[in-house]
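Dear colleague,

Please find the structure below, followed by a short account of what was found in it. I would be grateful if you read the two side by side.

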Amino acid sequence: MADQLTGQPVAHPPPTPLLEMRSVTKTFPGVAALDRVDFTLRAGEIHALMGENGAGKSTLIKVLTGIHARDGGDILLAGKPVEPHSTIQAQKLGISTVYQEINLIPELSVAENVFLGRQPMKLGAIRWRSIRRGAEAALARLDLSIDVTRPLISYSMAIQQMVAIARALDVSARILILDEPTSSLDENEVTQLFRVMRRLKDGGLGIVFITHFIDQVYDVADRITVLRNGRLVGAYETAELPRIELIAKMIGRSVSDESAAEAHRETEADSTAKQPFVQVRGLGRRGAIAPFDLDIFPGEVVGMAGLLGSGRTEAARLIFGLDRADAGTMRIGGEPAKRTSVRRAIARGFGFLPEDRGRQGLVPDLSLRENIILALQAKRGWLRTLSRARQTEIAERFIKTLNIDTTDTDKPIRLLSGGNQQKAILARWLATEPALLILDEPTRGIDVGAKAEIQRLIARLRRDGMAILFISSELEEVVQSSGRVMVLRDRVKVAELCGEDVNEGRIMHTIAEAHVA
């Protein structure tokens, strides 16, 4: 519209954002989880919130939904300051969240789940007809027509996800937060969910989409905000941000091929002269990792690279037997491995250092000695119990070898530093004399000195002939340690790099390349 006097176009102020989070700060003991983070959501947009582990995504959402009290900053909803102190209060403000783990009751009917905790009543009795009709209307908003009297558990995961969304929207939501909503969905179910998300966006809803799947972000998101280490990297129009730049911003590394591998890679195995210790063909698990091939030779380190959620841990768990594959085969030492389990994996010479040492590695109430001998005792069987003297001897040997800082072997392991705990779990598996050691994020959350010690240990184990599968979100570590690298994106193996191709720039470009059908 032009000014009637000047004839010049009139500049209109931009519309007030649906949500503004300004300089939001949240500190936990010793950790700045959010450091003056800004986030803006417009009405009628899908906004992807991206970042690796520890970026601050979950903390930001918990501050917004009243789970955590912020230490600083402001939250404005349609331009007005708000102070959500609980999830219920956030819902009353129109902010609803659907989490990765659907927080519903599978045994109840669909209708009961939609109205769970807020059933319409009359004269002290539940109005079941109103519940059924209300549930049908809520699902119709998502273009979904199902029998709402059936138990929720009788429907697919995708339908359960839709029911959770319908419940979230039925409280007059203005903002819908979807936390990893596609993690358990197949391709067709993802397409259905995205169709619903676009429909809700067109109706003026603001949607925050938290995911690790790059391709899905570019399929459905209008804008992207990237966090790293509790700080805002930036907010970008999706159409204007190339994939390779998004990945660089998430991991904090510039895209350069200058970080090429050394001309002579000491870690690279001579695969022509050896038989693979582990040979995987078409191994996969629906909803976890697409079928993949991989050979691991004695005396080499094979790296796994990919963003969080790419399928790295899922692939490792299949190889170790923590999860059962529904496709593919595996040979160990040239012999078919028809059945996999953790017990068989240990018996075959496998060791596995898990990503989450706190929940999956340590037994915090046991001593350092007891934690170190656990896997060896399991391998021997409980009828061949290690004597106390033998346990102490083994523990003391690895305390010295790995330079574990402790006053004695019977010190509770929970009292050790993170780096020393990590080395203790390594000691647990080294005590079994493994032929294959799977290391999932072995240096995460430990100090620089402990990290260097573990990297030197990996090099020494490789020289001694051990096969090592090395997983890390730090590309620099993957490049430094690995002779070959299996690259994953969105739960699919997209490449296997070796020689001069093992460098940060090449890995990042491989992750960012267009979707592989």
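Serine 367 is buried, at a relative accessible area of 7%; here buried means under 20% relative accessible area, exposed over 50%, and partly exposed in between (1.4 Å probe, protein chains only). This is a predicted model, in which local features need pLDDT of at least 70 and side-chain atom pairs count only at pLDDT 80 or more, while totals for chains, interfaces and linings use all residues. Residues are numbered from 1 along each chain as its sequence is written, and side-chain values use heavy atoms, with hydrogens and water left out.

The loop between α11 (357-361) and α12 (368-380) holds serine 367. Helices (H or I, at least four residues) and strands (E, at least two) are DSSP runs, numbered from the N terminus. If neighbours within four places in sequence are set aside, serine 367 is in contact (heavy atoms within 4.5 Å) with Thr409, Asp410, Lys411, Pro412 and Ile413.

Burial also marks helix α1 (residues 57-64): six of its eight residues are buried, so the helix is largely enclosed by the rest of the structure. The buried residues of α1 are Lys57, Thr59, Leu60, Ile61, Val63 and Leu64.

Next, a helix pair. Helix α8 (residues 243-251) packs against helix α17 (residues 504-512) at an angle of about 120 degrees, and their axes are 8 Å apart. Axes are lines fitted to C-alpha atoms, for helices over the stretch in contact, and angles run from 0 to 180 degrees between N-to-C directions. The helices α8 and α17 are therefore oblique to each other, given that angles under 35 degrees count as roughly parallel, over 145 as roughly antiparallel, 65 to 115 as roughly perpendicular and the rest as oblique. On the α8 side, Arg243, Ile244, Ile247, Ala248 and Ile251 meet Met508, His509, Ile511 and Ala512 in α17.

Finally, the strands. Strand β13 (residues 278-285) and strand β16 (residues 327-332) run antiparallel and are joined by five bridges; two strands pair if DSSP finds at least two bridges between them. Valine 280 has methionine 330 in β16 as its bridge partner. Strand β17 (residues 335-336) pairs with β16 in the antiparallel sense over two bridges, and glutamate 335 in β17 stands opposite isoleucine 332. Two residues separate β16 and β17 in a hairpin, where glycine 333 in the turn has a positive phi of about 60 degrees.

With kind regards
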